[in-house]
Each structure stands twice: as C-alpha cells, then as structure tokens.
Amino acid sequence: MSQQVEQLFENLWQDYLSRTPSAEKVHKILGEGHPIINDHVAFRTFDIAPVGLEVLAQHFLDLGYKEGGDYHFEAKKLRAKHFEHDDPELPKVFISELMTSEFSDELQAKVKEMVAQVSEADTKKSDFLYSGTHWKVSHEDYLALLEESEYAAWMSAFGYCANHFTVSVNQLPGYESLEQVNQRLKDNGFTLNSSGGEIKGSPEVYLEQSSTMADRHDVEFSDKTVSIPSCFYEFAKRYEIEPGKLYTGFVAASADKIFESTNAK
Ligand code: OOG
Ligand code: NI
C-alpha cells in the first residue's frame with residue numbers, strides 16, 4: 001500500500017474522529033484490540049463546479065483507484081459513484097453529489113453562494129477531502145436547507161470530510177453475521193438506523209448493511225453554535241458473486257436508507 005494513500009486515510013480518519021467520537025468506541029467494542037478493516041469510506045458534495053463528484057474522485061483516481069458502479073437516488077435527488085483499488089486492503093470509496101438544479105430557486109441560490117467561496121485550486125490540494133466548509137452559513141440557513149434536503153443541510157454544516165467509515169464484517173474476527181454485530185452495538189447503547197429495517201439488503205443482492213445514527217457535534221454557525229447530527233459508522237457484510245469473489249458494488253435501495261443516518265433521531 002503506497003504511503004500517500006495510507007496517509008490520506010489516516011488523515012481522513014483523525015478528522016472524522018474529531019466529530020465522531022463514538023467511532024473510537026465502535027472500534028473498542030468490535031475490535032477488542034485488533035485492527036478494524038474498513039469496507040469503504042463515503043463523501044458528499046454538490047454537483048456544481050468546482051466541487052462536483054468527479055473533482056473529489058480525481059483524488060482517488062490519482063492514487064490508483066478505478067471507477068466502479070454508478071447509482072441514482074430519485075427521491076433524495078442524488079447521484080453517486082463508487083471507486084475501488086486493486087489492493088484489497090484499501091477501502092472502497094463511495095462519493096455522492098446533490099443534483100442541485102432539481103431543488104427550489106432558494107436552495108439553488110444558497111448552494112451556489114456556498115460553492116462560489118471554494119477556490120478551484122483548493123479542490124486539488126491533498127487535504128481537500130478533509131478541509132470542512134469553505135463558507136459560513138447561519139443556523140437559519142441550515143434550517144431552511146433542512147426543509148428541502150437533509151443532505152444539503154448536512155453539507156452546509158460539515159462540507160468536505162469523510163461522512164462515514166464502514167467496518168468490513170467479513171474481516172471482523174469473532175462475528176459471523178451482521179445481526180451479531182448489530183446486537184453487540186445495541187447492547188452497548190448504540191442507536192441503529194432502522195429506516196427500512198436495521199439490516200438493509202440481503203445475501204440475494206450480495207450485500208447487507210447497517211449503520212449507527214450519527215453522533216451530534218457542535219457546529220459554529222455564523223450566528224450561533226448548535227449541536228446537530230454529524231457522522232456515523234456503517235457495517236457491511238458482502239457475499240460471493242462466484243466462488244472466491246465477493247461482490248464489490250453497492251445497492252441503491254439500501255444506500256437510499258443509509259443516507260438517513262444523519263437525520264435527527
Ligand atoms: C452515503 C449513503 C450510502 C452506502 O454504503 O450505501 C452508503 C451517505 O450517507 O453519504 O454509504
Ligand atoms: Ni456507506
């Protein structure tokens with residue numbers, strides 16, 4: 001594994017921990033001292049230059065990642081792509097973007113105002129993927145975005161960072177099933193995302209996923225500081241599409257529900 005890509009994931013992880021303290025607890029509870037292997041890391045953005053999905057993806061393409069599947073979420077007005085690396089130790093990457101033009105003029109204006117403050121040069125820097133917000137929004141702006149799109153509101157508050165890491169249950173010693181993982185988390189006080197059931201997907205679609213509900217984190221809006229849902233942890237168990245070969249894609253119907261892990265409980 002090249003040092004550069006390893007360093008990127010380490011920096012993303014440290015940044016993610018700063019607003020997702022429960023991630024450390026997840027590792028303690030499930031890993032019991034063993035290292036945890038992540039299945040994927042997810043990012044969010046807007047579909048407007050200079051911050052579209054492809055701009056984020058370029059950071060991973062430059063590190064040897066290749067494009068996998070693409071996904072469309074009609075109700076939430078999002079599209080996404082996943083990327084994977086030949087090195088099986090490296091997590092897959094899931095990047096989504098908000099289809100801004102499908103929203104109200106008010107939302108479009110607010111998003112354009114935020115994105116206009118991002119310099120194109122900054123999007124190419126090695127720390128862009130954990131550079132947070134490049135704008136200031138008021139709490140009122142956040143609430144107005146929330147009316148139309150939880151995703152847009154989350155982006156306005158957190159910007160560029162890992163939205164979640166995902167434990168690879170296939171590579172988690174001591175657990176056979178996702179149910180066991182979920183039970184252990186619930187026994188330790190975690191609230192799981194139950195939208196569409198705690199387990200999204202099935203062996204028939206080669207992927208089962210669950211996730212915690214996001215931690216809450218104090219965000220300094222331009223007018224006041226408010227605690228809002230930040231980032232969460234996901235758990236994925238993959239099944240073989242042929243002997244010895246696990247499915248590497250995502251499942252749109254399941255992902256649609258995972259997005260709701262940043263909803264207020
Ligand atoms: C991404 C939700 C989808 C998955 O693994 O299907 C997803 C997000 O919440 O940004 O992570
Ligand atoms: Ni995910």
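Colleague: Is P243 buried or exposed?

Modeller: Keep in mind throughout that this is a predicted model. P243 sits in the loop between β11 (240-242) and β12 (245-246). Its relative accessible area is 78%, and because a residue counts as exposed when that value is over 50%, the class for P243 is exposed.

Colleague: How many Å separate the C-alpha atoms of P243 and A162?

Modeller: Along the chain, P243 and A162 are 81 residues apart.

Colleague: Which residues coordinate the nickel ion (ligand 2)?

Modeller: The donors follow the spacing H-x123-H-x69-E along the chain, and the two histidines link distant parts of it, one in strand β1 (residues 38-46) and the other in strand β5 (residues 164-168), 124 residues apart. Both histidines are buried, with relative accessibilities of 2% for H40 and 6% for H164. At 1.9 to 2.2 Å from the metal, the coordinating atoms are NE2 of H40, NE2 of H164 and OE of E234.

Colleague: Which side chain has a polar atom 2.7 Å from an oxygen atom of ligand 1?

Modeller: The surroundings of ligand 1 include H40, R44, F94, N163, H164, Q209 and E234. A polar side-chain atom of H40 lies 3.0 Å from an oxygen atom of the ligand, and for E234 the corresponding distance is 3.1 Å. The distance of 2.7 Å belongs to R44.

Colleague: Which strands form the edges of the open sheet?

Modeller: The sheet has eight strands with mixed pairing, in the order β2-β3-β4-β1-β5-β10-β7-β6. Its neighbouring strands are turned by 20 degrees against each other on average, direction ignored. An edge strand here pairs on one side only, and the two that do so are β2 (66-73) and β6 (200-202).

Colleague: In which sense do β1 and β4 pair?

Modeller: Strands of a sheet pair through backbone hydrogen bonds, in either of two senses. On one side, β4 (residues 92-98) is joined by six bridges to β3 (residues 78-84), which runs antiparallel to it, with L78 paired to L98 and R79 to E97. With β1, where R44 stands opposite S96 of β4, there are seven bridges, and the sense is parallel.

Colleague: How many residues of β4 are buried?

Modeller: In a regular strand the side chains alternate between the two faces of the sheet, so each face has to be considered separately. On one side of β4, K92, F94, S96 and L98 are buried, and on the other V93, I95 and E97 are as well. The strand is therefore largely enclosed by the rest of the structure, and the count of buried residues is seven of the seven.

Colleague: What angle does helix α3 make with β3?

Modeller: Helix α3 (residues 53-61) packs on the sheet and touches β1, β2, β3 and β4. The direction of this helix makes an angle with that of β3 of about 5 degrees.

Colleague: Is Q108 buried or exposed?

Modeller: Q108 is found in helix α4 (residues 105-115), and, leaving aside residues up to four places away in sequence, its contacts are T100, S101 and F103. Its relative accessibility is 14%, and because the limit for burial is under 20%, Q108 counts as buried.

Terms used:
Residues numbered from 1 in each chain as written. Chains lettered and ligands numbered in written order. Predicted model: local features only at pLDDT ≥ 70, side-chain atom pairs only at ≥ 80, totals over all residues. Heavy atoms only, no water. Donors = N, O, S within 2.8 Å, 3.2 Å for Na, K, Ca; no water. Helix = DSSP H or I, 4+ residues; strand = E, 2+ residues; numbered from the N terminus. Buried < 20%, exposed > 50% of the residue type's maximum accessible area, 1.4 Å probe, protein only. Pairing = 2+ DSSP bridges. Axes fitted to C-alpha atoms, helices over the stretch in contact; angles between N-to-C directions. Contact = heavy atoms within 4.5 Å. Near = heavy atom within 4 Å. Polar contact = N/O pair within 3.5 Å; in protein donor to acceptor, adjacent residues only side chain to side chain.
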